[in-house]
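Visitor: I am new to protein structures. Could you walk me through this one?

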Amino acid sequence: MSLLKKITLYPKQDVDYLSVVRGKPSLDQMVQSMKITPSWKSTPNLSLLFEFNGDFVSSSVVGLTSRLVGFSIYRRSVNDSVLHHVSDLHFDDEKSIDCLYDYTVQNNTEYIYTIIPLTENEAGVALEGSAVTTDFDTWSIIAIKPMSDNTYVSGDIWTLESDVTTNPFTQNTCVTKFDGFSKYPKVSIGERNYVSGSVSAKLGQISCETMQFDDNVQKLEAWRHFITQNSQFLIKDIKGQMFISKILADTTYEYDDSILQMPTTVSFEFVETVDASDKTVYSVELRE
Amino acid sequence: MINLLERPISAFPYNNAIDATIGNKFTFTFSGDKLSKYKINIYNLVNNSSIYSGSEMSVSDIYRGDEVTVSVPSNTLTNGMSLYWDITMYQDAYDVFVTSGRTAKASSGSILYIGLNIKSVASGMKVFINNAFYTINSYDASTGKLTLSSSAGSIAIKTNYVIYSNYVVSHNFPFITRKTPTISISGISSPHKKRSISLTGNYSQADGSRIKYHRWRLYNGNSSNAITIADTGNVFSERLKFNFDGLIYNSTYYVELSGETQDGATFTTGLKPIVVSYTSPKLLSAPTVSIDYEKTALKIDLDGIDQYIAEDTGGNTFPSEGNRQYLHLTSGTVSVDVTKSKIKKDDFYLQMLSRIDVDSIGDVIRLDFEDGSYRKIVFDGTNLKLDKDGKKSLVLALRDSSQWCFTTEGIPESTSILYEWDDNATWDDTLCWTESAAIPNSFVFGLTADTCIIKEVTW
């Protein structure tokens, strides 16, 4: 499909505004739209708006004195006043950023994002969006790749939602008691403090479209390739826990031969390797 | 009861550099039981000659662990020298062991003979002999003759004696004298009008001392509870550059450049303010945040948050009428490349409010697509027409009530049939939109790749 490339205005006219929105309206919608002067606040899907208030700039950011180069994005949970830096996104000359996915969000938690526009010379006013509450109903295992000290980008994502069984989590700490001749023992506490655990679940699930159990050998092979890769994983459970982990060697799978579809149950053990609370896992989708 | 008097191990200056042109505070930590008086001496490290001898200072309230400060006035010393200093610490009791031995000769009265060339013996010490203490007035190292302040009676040869003192002299603490380095920061404009800043440190030292390490620190205030925004740590380099990106508008930051010379002298610029003031861009609407269940992530939609700058080839202006400011296009064109917005040909709606000049004949607006096709609105002096890749058709017009108004034959209708606008026609204003006034007229243009409609409006 061809894209709109250029818009040109010709002389001998006064132009108050020029706007472009995405979407093809019906004739009636066009008529209704003409009753309203478009604005960044009230017009959905607005892509361009030249208001010609002394400049030739179309931007949903006001107060620009130099070129808009990107955004700083921060996140906080509603009950937390501390902003966590998610990412600085910079525009490319050729591509624009369509959206950012933030994976480092716990389930059943209300989050607010703050956006700061960045120009070549200025940092903009922070603007908070509305709160969003996560309500996932699956476990998710996300392969991640480190980008900097506190930032990772996401790779493949698997969600597990059928017959999920968790074994007891282990909080691995280093507390040692020394019994001596005194009345009380000595107790020394080391720095070690990480979580390990194991999960098993059906690999497939019922497809809403076909109402069939979606499980085949290709899916199993894809899982085996995914879970055995030399990568760190962001593991999130339905309770809301979140671990940056490594998968241990003891990953297993089995299928139920007594059922025609032979549903596969996969199991794996993980061990927390990094505190996920101050880390960010994200991905960016560029405008196609 | 034994009193302890120990040599201090903590002192300043000690392998440091000090500036002799300013008054300096020499300090040491007392590590005996109780100090009664002290005295410092400063010597040339090269030839051990005495440079400065302080006076004995009596104190009454110095105990173990207390820090003692000795002021050395400015210009007492000279910069560019290698020196060392020591402290003589006194207590009341004479129980600091100096030496012991047996008398070399028999003597009587206030004379004793001990060994020759015993360097640790000095006047003021006390000798313990025959169960009594006697103060030593003098010691002749060449003859071993001790002169006492009072008679010790008859002393036989090989009588045991012990000499005590009431003071200890510390170890030597070497140091050097160097002029204080001058250090400053350049690159701070007032006010600073950018979110990023590049600072340069300017360092010089009169005696040629080089920098061992330096450190930049940026704070969000100058009070004790100020937060450190950036800290380079000790950078072992003489390149004094510091870059920071992220200064928030209408804020005051404080920056400090500090460090140490290779001679051990420390330097600092102190806290230098950076007053940041600039017009801060502001988002007009917050991006939409939604839940992506498939990815188990939150999606921050940034589509539409972008910037496009149109190119003006005619030097056009932005006059105002009332509260309205608009683009007055007199010559050339105003065009914008929107390729990066990825707006699909069949998935957009353009709307424009324009007032066309009375003598305007020609193109009003043109849309070009990547496949080479185009759409234009053209005014031929009478009608507004849509030009679709060279094929022209009249533009549909709207009455204010949003009802289509003219038939292709120029007949007003009140039904929902679509009509065309004919600027030459005269119509009943009660039924439809008419061209009651001469051009120029103001129109809202609505344009897709397939359709174009206009609506006359009041400017």
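Guide: Start with one term. Buried means under 20% relative accessible area, exposed over 50%, and partly exposed in between. Keep in mind that this model is predicted.

Visitor: Is Tyr213(B) buried or exposed?
Guide: The relative accessible area of Tyr213(B) is 17%. The cut-off for buried is under 20%. So Tyr213(B) counts as buried.

Visitor: How many aromatic pairs does the structure hold over all chains?
Guide: Such a pair is described by the distance of the centres and the angle of the planes. Over all chains, the number of aromatic pairs is 28.

Visitor: What kind of aromatic pair do Tyr90(B) and Tyr167(B) form?
Guide: Their ring centres are 5.3 Å apart, with 50° between the planes. Planes under 30 degrees apart count as stacked, and over 60 as edge-to-face.

Visitor: How many residues apart are Tyr90(B) and Tyr167(B)?
Guide: Tyr90(B) sits in strand E8 of chain B. Tyr167(B) sits in strand E15 of chain B. The pair links distant parts of the chain, and the separation is 77 residues.

Visitor: Which residue lies over the face of Tyr90(B)?
Guide: Tyr90(B) is buried, as is Tyr167(B). At 4.8 Å from the ring centre of Tyr90(B), over its face, lies Lys37(B).

Visitor: Is Val175(A) buried or partly exposed?
Guide: Val175(A) lies in strand E15 of chain A. With Val187(A) and Ile189(A), Val175(A) makes a nonpolar surface patch of about 300 Å². Its relative accessible area is 49%, so Val175(A) is partly exposed.

Key:
Residues are numbered from 1 along each chain as its sequence is written. Chains are lettered from A and ligands numbered from 1 in the order in which they are written. This is a predicted model: local features need pLDDT of at least 70, side-chain atom pairs count only at pLDDT 80 or more; totals for chains, interfaces and linings use all residues. Side-chain values use heavy atoms; hydrogens and water are left out. Patches are made of residues with over 30% relative accessible area and no salt bridge: like charges are joined within 9 Å, nonpolar side chains (Val, Leu, Ile, Met, Phe, Trp, Tyr) within 5 Å. Accessible areas come from the Shrake-Rupley method with a 1.4 Å probe; for residues, only the protein chains shown count as cover. A salt bridge is a side-chain nitrogen of Lys or Arg within 4 Å of a carboxyl oxygen of Asp or Glu. Helices (H or I, at least four residues) and strands (E, at least two) are DSSP runs, numbered from the N terminus. Buried means under 20% relative accessible area, exposed over 50%, partly exposed in between (1.4 Å probe, protein chains only). Rings of Phe, Tyr and Trp (its six-membered ring) pair if their centres lie within 6.5 Å; planes under 30 degrees apart count as stacked, over 60 as edge-to-face and the rest as tilted. A charge sits over a ring if NZ of Lys or CZ of Arg is within 6 Å of the ring centre and within 35 degrees of the ring normal.
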